[in-house]
Amino acid sequence: MGDSIDPLDFASGHPPEAEDESSGHLSRMTFRRSAAADGAFLEASAACMALLGHAPERLLSGEVRYADLIHPDDRPAVEKALAEARTQGGSYRINYRIERRQGGERWLLETGNCVRRPGAPAVFEGVLLDVTREREAVQALREEAQNLRSVLSNAPILLFSVDREGHFVIGEGRGLESLGLRPGDWAGLSVFELFDGAPGALASIRRALAGEEVTSIDEMEGVVFETRYAPVRAPDGSVLGTIGVSLDVTQRERALASLRESETRLQAIAEHSQDVIFELDVEGVVHYVSPGVRKLLGMEPRDLIGRSVFSVVHPEDRDRILEGMAASARANLEGRAVFRIRNQSGEWRWVETAARFFRSSGGELRSVGVSRDVTEREEAQRALERRLEIERRTAEISRRFLALGADEIDAEIVRSLEELARLAEADHALMLVVADKPGNAEQRFEWGDAELRGPDSFRSDWAARQLLSGRAMHVRSVDELPEEAAKERAEMLSRGVHACLAIPLRFGDRFAGFVGFESRGGHRTWSEQETSLLRIAGEIFASALRRKRAEEALRESQTQLLQVQKMEAVGRFAGGIAHDFNNLLMVISGGAREVLSHLRAGQPGHEDVLEIRGAAERATSLTRRLLAFARRKTLTAGRIDLNDVIGDMAGMLERLLGEDIELVLQADSNLGAIHGDAAQIEQILVNLSANARDAMPTGGRLLVSTFERDVTDDDAALLGLSPGRHVVLRVADTGSGMDAHTQARVFEPFFTTKDPDKGTGLGLAIVYGIVQDSDGVIRVDSSPGQGTAFEIFFPRRDGVDGEDSARNAAAEREGRETVLLVEDEPAVRRLLRRALEFSGYRVLEATDGEEALRVSADHRGEIHALVSDVIMPRLGGRELARRLMQSRPGLRVLLVSGYPEDPRGSHRDPLPAQAFLQKPFTAEDLISKLQELLESDS
């Protein structure tokens, strides 16, 4: 490429413009031509084409014959010389004229060889020289011979003439000095002796003496001469001798030899270099490109010649390269750049290019440079940079989440998903955390365009199998999905998704969810670093969510603890009231019963005493509510069928609800039994129904249902229950519902949303206490405008209740045993003594524990049972029972109390072989419990 013509560059396209004929330089041309008669050109340099004046395709196709180019007068000599070369197989050198297509004649000197290769036709390979100007110069010399002689004496040439016998006639010019001669020294000398060491010169002289004009380059005495020989003819045309003009071209030939060597070396480098050498014009059009382009782009050099180099440059790099070329041209500096080019297969390759601008001999601004494939280096560098960036982003995300509070985690996950998606060039990012326990909802976080959201491809059956197996789901293109994922492919395409990546998340051995990307791109491959980043980020997100759940659970536990503490405090307060009140009720109720036993209906005072007894019973119900609220067990509990209790209560509940509220009962016919107090269960139903009625002022529907549920280990930890089969009572209304704040306080004592004259805030608190007292758990589910549902879980109890059967059996016998009665309240003590003595028991009486010990010590006979209050001055009933049981083995103990505490002791203060009655109780309750105790085996 370029303005200088490479002698080895055989033309295969349009020839360059011929050189200016006035330039004074010889046109150098190389060719290969058939040695057959037609002499068709096989290959020729661009300069050769230009000199011959015919289009390359006409010459190379044989349309124009070699013989047709030669002047008719010169054809015989040319044919003779070529015939000799074919026959002898040697070199040849001939002068002849050609007739150019454009008009005019040119003299050519053709020097060549007949080359024969095995299995191939003979060809002529050689060089053409345009000697037209030289012949014209000889003519000019003849015309100005006189002037020439004076010039020759100072000219750096050698002019000589030889006669027909080969003797020098003259020898002039400064060129003699190169041979160590002076003008006149050659006169009379024989050319065959003087040029004995230059056989080429001798051959040329012989040819000139034979009538030829010959140009040759010969070396004599270390000096290289370019000599033109011409015959000197007589008027009759006979050759009288020859004249020669020699020019000392030693320096030129050495330079040309060096140039040829350099050109050969550069050509070899260009042919075998892995780098690409190129020449461009200022528009980026390729004028030359070395064969190395085959490996780089998979293209032949000819495919790029004449094309813009920017046709293969990445669009994102073009402006940068254009700006760099312009800057390099302005400053005349070497430019360097790294950019992407597309090879023949459509793959983008990174190249590093160094180039510099220069001006050609025609004045055109050109750029010559070298490009090298650095794809592996650039990809490694970019992979390293991306890995460092990913590590930096991972560390940054981790630091951010460590500094966040629980309330900020959800928003930060979405923000981080956006950050990761932009880094990975994705259009949609999604994280899904599945529910880890029953009652917990799955959590979904996502970022991206609205049209990409909604049903996602990660949750299909095919995707689920991939993720549950622990494998990442990397879909580079929907076209790669297997046939079994046809539904997933259609779903993805419907949302405009063409590629996706999903990473499963695991907590230990449990599948916890996934985090993934989706892209609109037709084909998308996420790197190993991007996949690793997504996996690590998902683990960071999941860890943050676990921390958030732990903190929320801690806050909930703290809230529950505070609630328990408040309820315990109120319970203790209620128990204290109940203690004193129960003693009063024992006296009032017992006295009323005793008076009624002596009055007949209609007698004066009978109705008043009945009213007194009714008031005492109502007061007893109130104390039971207080004790239920205090969350203490009662000894009236037994085996209960919830369906029976609900059936018995249906009529009362309908009256309680009113006509505008529909009561619906749904009972499981195979429901198991529970252990509890039927009256307290009734209290639960009444309180929950009253609460539902107030939530439906304009009417509605109340559903009371029962069913069974197996509580697993996970459910048990979540609900606060023991694992196993449970009976569930569900009471659901269609009322106004509750917000989260109200739900958090709904079981607090005295908390109410009703007007002051419509509620005390104890109804649900009492329900809560009864449920706890029955080893159950109550849960509430509600939202504003959506109604409220209470679910109460009771452990299922199968078989016959031993206490019930024992109580029934004991009720049929009369007492004959001795009972030690200990009670610090005189009125209550008198009431209990009369009841015991009326039933046939012998009674020993004491006002407190210490007195009871003295009474026991003074009594010589057997004491069968101890009936004692729990809380007394000086010595309480529990310690009294322990001491008496040590001194009187087999003593039966019945403890009574107005406090809601469990008097049978705790794990720190156990009291075996005992029974308990909660005040207030009737005489019948006392006698029944005592008989049951005395009949027991232990």
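The model is predicted, so local features need pLDDT of at least 70 and side-chain atom pairs count only at pLDDT 80 or more, while totals for chains, interfaces and linings use all residues. Residues are numbered from 1 along each chain as its sequence is written, and side-chain values use heavy atoms, with hydrogens and water left out. The protein has 28 helices and 32 strands; these are DSSP runs numbered from the N terminus, with helices being H or I of at least four residues and strands being E of at least two.

**The protein as a whole**

- Of the 938 residues in the protein, 45% are buried. Buried means under 20% relative accessible area, exposed means over 50%, and partly exposed lies in between, using a 1.4 Å probe and protein chains only.
- Among contacts with a separation of 6 or more, 59% join residues 24 or more positions apart. Contact here means heavy atoms within 4.5 Å.

**Helices H19 and H20**

- The axes of H19 (residues 642–657) and H20 (residues 678–695) come within 10 Å and cross at roughly 35°. Axes are lines fitted to C-alpha atoms, for helices over the stretch in contact, and angles run from 0 to 180 degrees between N-to-C directions.
- H19 passes H20 in a right-handed crossing. A crossing is right-handed if the near helix is turned clockwise from the far one by less than a right angle, and left-handed if anticlockwise.
- On the H19 side, the residues that meet H20 include Leu642, Met649, Met652 and Leu657; on the H20 side, Glu682, Ser689 and Arg693 are among them.
- By class, this contact of H19 with H20 has 13 nonpolar, one polar and two charged residues. Ala, Val, Leu, Ile, Met, Phe, Trp, Tyr, Cys and Pro count as nonpolar, Asp, Glu, Lys and Arg as charged, and the others, Gly among them, as polar.

**Helices H25 and H28**

- H25 (residues 826–838) and H28 (residues 923–935) have axes that come within 10 Å and cross at roughly 60°.
- The two helices H25 and H28 are therefore oblique to each other. Angles under 35 degrees count as roughly parallel, over 145 as roughly antiparallel, 65 to 115 as roughly perpendicular, and the rest as oblique.
- The crossing of H25 with H28 is right-handed.
- Leu832, Ala835 and Leu836 of H25 meet Ala923, Leu926, Ile927 and Leu930 of H28. The residues of this contact comprise seven nonpolar, no polar and no charged.

**Helices H26 and H27**

- H26 (residues 849–858) packs with H27 (residues 877–887) at an angle of about 20°, and their axes are 10 Å apart.
- H26 and H27 are therefore roughly parallel to each other, and their crossing is right-handed.
- From H26, Gly849, Ala852, Leu853 and Ser856 meet Leu880, Arg883 and Leu884 from H27. By class, there are four nonpolar, two polar and one charged residues in this contact.

**Residues in loops**

- Arg874 sits in the loop between strand S30 (865–869) and H27, and counts as exposed at 56% relative accessibility.
- Phi of Arg874 is near 65°, a positive value in a residue other than glycine. Most residues other than glycine have a negative phi.
- Gly496 belongs to the loop between helix H16 (486–494) and strand S19 (499–507), and is partly exposed, with a relative accessible area of 22%.
- Not counting residues up to four places away in sequence, Gly496 touches Ser519 and Arg520.

**Residues in a strand and a helix**

- Ala732 is part of strand S25 (residues 724–733) and is buried, with a relative accessible area of 12%.
- Beyond its neighbours within four places in sequence, Ala732 is in contact with Arg701, Leu702, Leu703, Thr788 and Ala789.
- Val609 is found in helix H18 (residues 606–629) and counts as buried at 11% relative accessibility.
- A distance of 8.4 Å separates the C-alpha atoms of Val609 and Arg593, which are 16 residues apart along the chain.
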